[in-house]
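Here is a walk through one protein chain, written for someone meeting it for the first time. Take a moment to turn the model around before reading on.

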Amino acid sequence: MFVTDNVKYIGVDDKDIDLFESQYVVPEGVSYNSYVIMDEKITVMDTVDARATEEWVSNLKEVLGDKSPEYLVVSHLEPDHAANIQKVAEMYPGMKIVGNAKTFQMLPQFFDFDLTDRTVTVKEGDELSIGSHTLQFFMAPMVHWPEVMVTYEKSEKILFSADGFGKFGAINSDEEDDWACEARRYYFNIVGKYGAQVQALLKKASGLDIAIICPLHGPVLKEDLGYYINKYDVWSSYEPEDKGVLVAYASIHGNTAKAAKACAEMFENKGVEKLELFDLSRDDMAEAIEAAFRYDRMVIASATYDGGLFPVMEDFLAHLKSKNYQKRKVALIENGSWAPVAAKKMADMLESMKNIEICEKRVSIKSVMKEADKAAIEEIVDAML
């Protein structure tokens with residue numbers, strides 16, 4: 001596969017992985033992207049995860065033939081991109097490693113080989129000529145590690161965007177999927193906390209003439225780049241992407257689930273077209289996080305448990321807080337057989353987040369939903385329309 005005549009793709013699809021970062025389900029796998037720029041000074045752009053070493057080395061050798069690379073550019077030191085730095089450095093002793101000061105501060109934490117006379121340290125805006133191609137470097141600290149940088153190739157207008165614009169899913173997947181779906185789940189669960197830093201990077205990118213985006217996960221983007229950039233602008237500014245409602249529930253014996261499902265049905269009957277219902281005990285937590293950020297409204301329903309929240313609801317809200325959830329309207333439904341406190345506990349967690357409007361009307365169910373509870377649920381549905 002090639003990106004252009006001079007830029008070759010040497011990444012690897014991993015379709016056997018069960019959990020990305022040991023926490024995110026990836027039913028369609030994930031790609032570890034790596035590229036080679038063929039020029040007077042051949043340059044490799046990042047390596048791949050240790051799970052894909054053998055195939056990556058084979059791809060690299062196929063592209064290089066009997067040639068040797070002059071440079072390896074390290075955009076990001078996380079092991080899914082950098083696991084093979086030492087291996088390729090030992091394969092090509094004359095190759096220099098390009099990174100920023102933070103890169104080389106952190107690199108010895110992962111590897112143990114002699115870097116003497118093998119490093120090229122770059123800073124914001126620096127350029128590196130490799131022949132007919134010129135690389136320009138822009139720092140992207142905390143997107144989503146402190147050493148991250150992106151590289152702009154000036155002649156072919158290619159942005160090597162590190163983890164930016166990445167997505168879950170193998171490139172050569174059996175399933176055709178909408179880019180935004182798995183890109184959104186990827187963004188909010190991995191990068192979501194760092195919206196301000198992403199905004200700063202987008203501001204830098206706005207001054208570049210970009211024709212192609214080469215991320216470290218997911219497909220190379222060549223068409224309608226404004227669509228992808230706009231998605232990142234919306235996501236990183238924490239604005240709702242769609243008018244819609246997430247109903248997420250944490251139910252022990254099924255009674256809170258019935259109330260949540262009744263709530264969702266009422267929204268549908270009142271014309272809300274974009275609605276998602278999540279069982280936090282059984283559905284993918286990362287997808288629930290994605291939906292919470294996608295929509296402008298959310299209803300959360302939880303049973304009281306040990307004088308607090310049922311654990312999956314507490315976990316859900318903790319995830320939202322850690323990812324900087326904000327600018328949304330939220331309604332609360334609680335359930336409890338003798339001392340319901342879930343609404344208060346949920347409100348306490350939400351009030352620690354930014355710009356969250358909590359619906360004044362709340363529903364408190366005692367064990368099993370009654371007709372009066374249905375009427376109360378309809379009142380919060382109307383308040384959220």
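A quick word on classes before we start: Ala, Val, Leu, Ile, Met, Phe, Trp, Tyr, Cys and Pro count as nonpolar, Asp, Glu, Lys and Arg count as charged, and the others, Gly among them, count as polar. With that in hand, look at the lining of the largest cavity: nine of its residues are nonpolar, two are polar and none is charged. Keep in mind that what you see is a predicted model.

**The whole chain**

Let's step back for the overall view. The chain has 385 residues, and 56% of them are buried. It holds 12 helices and 21 strands, and its C-alpha trace spans about 75 × 40 × 35 Å along the principal axes. Sequence distance is worth a look too: take the contacts between residues at least 6 apart in sequence, and 71% of them join residues at least 24 apart.

**Empty space inside**

Rolling a probe the size of a water molecule over the atoms shows where empty space is left. Here that turns up one cavity of 30 Å³ or more, and the volume of the largest cavity is about 100 Å³. Its lining includes Val143, Val150, Leu159, Phe165 and Tyr232, along with Ser161 and Gly164. Which helix gives the largest share of that lining? Helix α6, residues 195-205, does, with four residues.

Then there is the largest pocket, with about 340 Å³ of space. In total, 17 residues line this pocket, and those nearest its centre are Ile252, Ala303, Thr304, Gly336 and Ser337. Two elements, α8 (255-269) and β18 (295-305), each give two or more residues to the lining. The largest share comes from β18, which supplies three residues. Sorted by class, the pocket lining has six nonpolar residues, 10 polar ones and one charged one.

**Strands side by side**

Eight of its nine residues are buried, so β16 is mostly covered. It runs parallel to β18, with seven bridges joining the two, and across that pairing Ala248 stands opposite Ile300 in β18. β16 also pairs with strand β17, residues 275-279, in the parallel sense over five bridges. There, Val247 stands opposite Leu277 in β17. To get from β16 to β17 the chain passes through α8, and this β-α-β crossover is right-handed.

Further along comes another parallel pair. Strand β20 (residues 326-335) and strand β21 (residues 354-365) are joined by eight bridges, and Gln326 stands opposite Lys354 in β21. Together with helix α11, residues 342-351, these two strands make a right-handed β-α-β unit.

| Strand pair | Bridges | Residues standing opposite |
|---|---|---|
| β16 and β18 | seven | Ala248 and Ile300 |
| β16 and β17 | five | Val247 and Leu277 |
| β20 and β21 | eight | Gln326 and Lys354 |

Most residues other than glycine have a negative phi, and most peptide bonds are trans. A few spots in this chain go the other way. Where is the loop that holds His144? It lies between β12 (134-139) and β13 (149-153), and the peptide bond leading from Val143 to His144 is cis, with omega near 5°.

Next, two residues with a positive phi. Ala162 is not a glycine, yet its phi is about 55°. It sits in the loop between β14 (158-160) and α5 (179-191). Is Ala162 buried or exposed? Its relative accessibility is 1%, so Ala162 counts as buried, the cut-off being under 20%.

Tyr238 is the other one, with a phi of about 65° even though it is not a glycine. Look for Tyr238 in the loop between α7 (225-236) and β16 (242-250). At 6% relative accessibility, Tyr238 counts as buried.

**Towards the end of the chain**

Finally, find Ala376 in helix α12, residues 371-384. Why does Ala376 count as partly exposed? Its relative accessibility is 23%, and partly exposed covers the range between the buried limit of 20% and the exposed limit of 50%. Ala376 and Ile365 are 11 residues apart along the chain, and their C-alpha atoms are separated by 9.6 Å. Ile365 brings us back to β21, which spans residues 354-365.

Key: Residues numbered from 1 in each chain as written. Predicted model: local features only at pLDDT ≥ 70, side-chain atom pairs only at ≥ 80, totals over all residues. Heavy atoms only, no water. Pairing = 2+ DSSP bridges. Right-handed = clockwise from strand over helix to strand, strands pointing away. 1 Å grid on protein atoms, 1.4 Å probe; cavity = no way out; pocket = protein on both sides within 12 Å on 5 of 7 lines; lining within 4 Å. Points joined across faces, edges and corners; volume = space filled by probe spheres on them. Buried < 20%, exposed > 50% of the residue type's maximum accessible area, 1.4 Å probe, protein only. Contact = heavy atoms within 4.5 Å.
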